[in-house]
Amino acid sequence: MYPEELVAPMREDLTSVGFEELKTADAVQQHLSDHSGTTLLVVNSVCGCAAGAARPGVKMAVANSDKKPTHLATVFAGVDADAVQKAREFTLPYPPSSPSIALFKDGELAHFIERHHIEGRSAEMIADHLTQVFDEFC
């Protein structure tokens with residue numbers, strides 16, 4: 001587990017732009033089961049690719065896309081273990097991956113971006129990809 005003072009700014013990077021933090025397995029279950037429409041779920045992480053590509057790319061896509069997910073949510077790998085585990089149940093058959101980005105439509109996984117699709121890519125590339133995903137599913 002990472003200390004809260006370390007992860008607080010990384011959490012705020014997403015919550016400050018409207019992402020709801022899901023800190024428990026029950027919160028993840030309820031959110032993904034009870035929401036109609038689309039939910040963008042970011043599995044946040046302390047790693048460099050989360051800071052350099054995933055979070056900035058997600059924020060760019062949400063800010064600049066004409067079509068946007070109905071709901072924005074996040075769980076934090078290495079911190080909120082039960083919430084992350086429950087989120088990973090919803091992203092099966094993909095293996096655990098953090099950071100990662102999932103788009104759900106009416107509670108069903110519609111698109112998933114694994115860590116190896118984030119590493120080595122720029123925030124702009126992530127944003128462009130997500131914009132296309134939003135256009136298709138939102």
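**View 1. The largest cavity.** Strand 2 (38-44), helix 4 and strand 4 (100-105) each supply at least two residues of the largest cavity's lining. The model is predicted: local features need pLDDT of at least 70, side-chain atom pairs count only at pLDDT 80 or more, and totals for chains, interfaces and linings use all residues. Residues are numbered from 1 along each chain as its sequence is written, and side-chain values use heavy atoms, leaving out hydrogens and water. Helices (H or I, at least four residues) and strands (E, at least two) are DSSP runs, numbered from the N terminus. Among the lining residues are Leu41, Val43, Ala87 and Phe112. A cavity is a set of points on a 1 Å grid over the protein atoms alone where a 1.4 Å probe fits but cannot get out; lining residues have an atom within 4 Å of a point.

**View 2. The second largest cavity.** Arg11, Leu14, Glu21, Asn44, Thr74, Val75, Phe76 and Asp80 line this cavity. Strand 3 gives the most, with three residues.

**View 3. Arg11 in helix 1 (residues 4-15)**.

**View 4. Helix 2 (residues 25-34) against helix 4 (residues 81-90)**. The helices pack at about 35 degrees, axes 7 Å apart. Axes are lines fitted to C-alpha atoms over the stretch in contact, and angles run from 0 to 180 degrees between N-to-C directions.

Definitions and conventions. On a 1 Å grid over the protein atoms alone, a cavity is a set of points where a 1.4 Å probe fits but cannot get out, and a pocket is an open set with protein on both sides within 12 Å along at least five of seven lines; lining residues have an atom within 4 Å of a point.
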